[in-house]
Amino acid sequence: MEPTLAARALSAATEITATALSDDDPDAVLGSVVRHAVELADADLGLVMVRSDDGSVTVEAAHGESTADLLGLALPAESAAGRVAGGGEPVVTDDVTRDTRTSRFVPRELSSYGPFAAAPFGTPGRILGVLTVYRSPGRRPFSASTVEVLTAFAGQAGVVLALAEGANARHRVTLYQERERIARELHDVIVQRLYAAGMRLERVRRRMRKRFAHADAARLAEAIEQLDQTIEEIRGTVRDLRSPEPEPRQPEPAATDLAESARAEVRIAGELLGYPPTLELSGELADIPPERADHVRAALREALSNVVRHSGASETRVTLHRDAAGIRLRVRDNGCGVPRDVAKRGLRHLAERAEAAGGTFTVNSSPSMGTLVAFDLPLRQ
């Protein structure tokens, strides 16, 4: 290997490494790889082709003359590029259109070139594809030393790309963890505070209904409605924050202590009702999967909200039970039932939650018997 050419290859690999580790998209590195390959090999055209599951190769990056039509070009597994990408030895020829090893699979877009060389692109344990270079007809063929440098460079570039993919995956995992933290803060802190504020406003409105002018009462009711909408929007944001999965694997979020969540919800409702609801817990509730716990907590919060706002109840009983079948929540009160003229958006949302999670949700309500809310959920869908 020529010392000067080897030094240029090392310098190119160093530059690609810096680019790869500072770029959010490892695929953007391919353009830099093929540009340096053309310069190192003194070629007129360079291509990076990525191998598919069926052994065919597709052009993902190109540098040189008339490259616009080459991106996306596919060559079969039997082609020289396909064989090299499949783990074969590097291929070099004086004329790609005349050599029997290559001529049968030269597409029209590459038929105007002569000297050709191909080297595997990737690492020994993971060949990603093939790096190919071309010269115009009449130019000298690629020398053995040039092919040696090209092969070494293609291996180095493959290692760099693998490192970049690993760094990018770690970044995505870190980003997911931060999104999960923000979602948890929104769900467990902000939503609970907004919920408590809305309940207190509703209690004030009911107690002072006779003292309010009609316009003031309407404005207060509107403020409560806006709080409800804000809570729903935040819950939607929480779902969006938690939905993307980083690759290669997202960390498992910590399990939720549903008993502690239930105590907090009941405590807030008790402050607003003026008496403490009865809470009965049974079964192991300290290791509930977070998504399941969110559904149950939302059901409990909505049921207690309806008790506070509409029931006029003097007794409220909450039971939460876990067994092998799943989780069962019951919220019963001795109030007047759910008024017909009350918006039931929250109850509809709970029914949708239960259905999506493979559970069931029912409401039995009457002016004489009060209301029973039942929310049953399997631990896994």
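Predicted model: local features only at pLDDT ≥ 70, side-chain atom pairs only at ≥ 80, totals over all residues.

Trainee: Okay, helix α7. How many residues does it have?
Mentor: Helix α7 has 22 residues, 290-311. From first C-alpha to last it reaches 30 Å, close to the 32 Å expected at 1.5 Å a residue; the expected span is 1.5 Å times one less than the number of residues. Helices here are DSSP runs of H or I with at least four residues, strands are E runs of at least two, and both are numbered from the N terminus.

Trainee: Why is α7 described as largely enclosed by the rest of the structure?
Mentor: Because 20 of its 22 residues are buried. Buried means under 20% relative accessible area, exposed over 50%, and partly exposed in between, using a 1.4 Å probe and protein chains only.

Trainee: And what follows α7?
Mentor: Gly-312, whose phi is positive, near 65°.

Trainee: New topic: where is Arg-139?
Mentor: Arg-139 sits in the loop between β6 (126-134) and α4 (144-207). Its relative accessibility is 26%, so Arg-139 counts as partly exposed.

Trainee: Which residues does Arg-139 touch?
Mentor: Leaving out residues up to four places away in sequence, Arg-139 touches Asp-42, Ala-43, Asp-44 and Pro-115. Contact means heavy atoms within 4.5 Å.

Trainee: What about polar contacts of its side chain?
Mentor: The Arg-139 side chain makes one with the side chain of Asp-42 at 2.9 Å, and another of 3.1 Å joins the side chains of Arg-139 and Asp-44. A polar contact is a pair of N or O atoms within 3.5 Å; within protein, one must be able to donate a hydrogen and the other to accept it, and residues adjacent in sequence count only if both atoms are side-chain atoms.

Trainee: Now the rings. How many aromatic pairs are there?
Mentor: The structure holds three. Rings of Phe, Tyr and Trp (its six-membered ring) pair if their centres lie within 6.5 Å; planes under 30 degrees apart count as stacked, over 60 as edge-to-face and the rest as tilted. One of the pairs is Tyr-113 with Tyr-134, tilted, at 5.6 Å centre to centre and 55° between the planes.

Trainee: Are those two tyrosines buried or exposed?
Mentor: Tyr-113 and Tyr-134 are both buried.

Notes. Residues numbered from 1 in each chain as written. Heavy atoms only, no water.
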